[in-house]
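Thank you all for coming.

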Amino acid sequence: MILQRFRGNPQQHMRRLRLSVAVVLAIVALTPVLRPRPAAQGLTVGLFDRYVDALRIELGIPGLSGTIIQNGAPVWERAFGYADITGSVATRLDTPYPILGLTETMGAALLLQQCVDFGSAELTDPVVRWAPFPDPAVRLSQALGHATSSNVYRYDSGRFGQLDEASRECLTKDAYPHLLATRVFDMLAMTGSVPGREVVVPGNAAQVAPSAVQTYQNTLTRLALPYRVNSNKTATRSDYTAAALSASTGVISSVLDLVKFNNGLENGNLISPELLEASWQPAPGRPTGLGWFVQSSSSRSEEHTSELQ
């Protein structure tokens, strides 16, 4: 999965877009400095449309949903293939998918919101000031950037996932699914997102508002089914790897809701502009900001990627 943001000429970046073999959901946000002519942009988007579907078929991907947004509004949006091949259920823009590692961008925003913007934490605080953590010397900024206490980049989604406890302890001490639902999903009207599949399991429903459980159950009935694709590009039903909600994985969401998340960040509805800017600035010697992987080029690019498991 790819969540990638560019600044610069959209036509330059459309030629550079690439899709991972594991893509089932993609959202690309473009914030242009130079506005291309509408006819030229239409041609580029049309070519991208055909490219995406041809690549999906070539790789045997059963279904894919995607959008390109510019200045907060879609300039391209499409759903290809099927969310359920046997039932002939076509994918849609509101089809929910497990977004796996893209959850980190939401986990990072929630921690920055609760601990730094609303709470009394500093990015230089050791994580253990707020919650148990494997390395007592690692600071919040380092943990958010997948860095060790000596600032060496070392990707570890499991360690990042443990930041959910810091988000809880900084301010409200609410259950993490409830915190994510109320402080991110509800705030941005992300009505097709679920804070982990386990919240609808009897015994876990107390982690979210009772009124939300039925909504989450309804969303999960539309969840895109998992498939395994063999060397002949034949898709057969598979099962999702169990992934309990944490700061690094577990969220169910859709293209439409990821657009709302992107716009909420841009508009300052989740975290302050200063923290957002810091999130998109790579630390010296590593490819990460605060919860984001950052690529530097002639124009700035922020991205977060994850692979299906």
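Let me begin with a group of three: Phe48, Trp76 and Phe80 together make up one aromatic cluster. Please keep in mind throughout that what you see is a predicted model.

Across the structure there are 5 aromatic pairs, and I will take two of them in turn. In the pair of Tyr155 and Phe293, the ring centres are 5.9 Å apart and the planes stand at 40°, so this pair is tilted. Tyr155 sits in the loop between helix H4 (140–144) and helix H5 (157–161), while Phe293 belongs to strand S10 (residues 293–295), so the contact ties together parts that are 138 residues apart in sequence. Tyr155 is partly exposed, at a relative accessible area of 41%, whereas Phe293, at 15% relative accessibility, counts as buried.

Next come Trp280 and Trp292, an edge-to-face pair with 5.8 Å from centre to centre and 90° between the planes. Trp280 and Trp292 both lie in the loop between helix H10 (273–279) and S10, so here the parts tied together are 12 residues apart in sequence. Both Trp280 and Trp292 are buried.

Which residues form the disulfide? The structure holds 1 disulfide, and it is formed by Cys115 and Cys170, whose sulfur atoms are 2.0 Å apart. The link of Cys115 and Cys170 is right-handed, with 95° about the S-S bond. Cys115 lies in helix H3 (residues 103–117) and Cys170 in the loop between helix H6 (164–169) and helix H7 (176–185), so the pair ties together parts that are 55 residues apart in sequence. Cys115 and Cys170 are both buried.

Notes. Residues are numbered from 1 along each chain as its sequence is written. This is a predicted model: local features need pLDDT of at least 70, side-chain atom pairs count only at pLDDT 80 or more; totals for chains, interfaces and linings use all residues. Side-chain values use heavy atoms; hydrogens and water are left out. Rings of Phe, Tyr and Trp (its six-membered ring) pair if their centres lie within 6.5 Å; planes under 30 degrees apart count as stacked, over 60 as edge-to-face and the rest as tilted. Helices (H or I, at least four residues) and strands (E, at least two) are DSSP runs, numbered from the N terminus. Buried means under 20% relative accessible area, exposed over 50%, partly exposed in between (1.4 Å probe, protein chains only). A disulfide is a pair of cysteine sulfur atoms within 2.5 Å.
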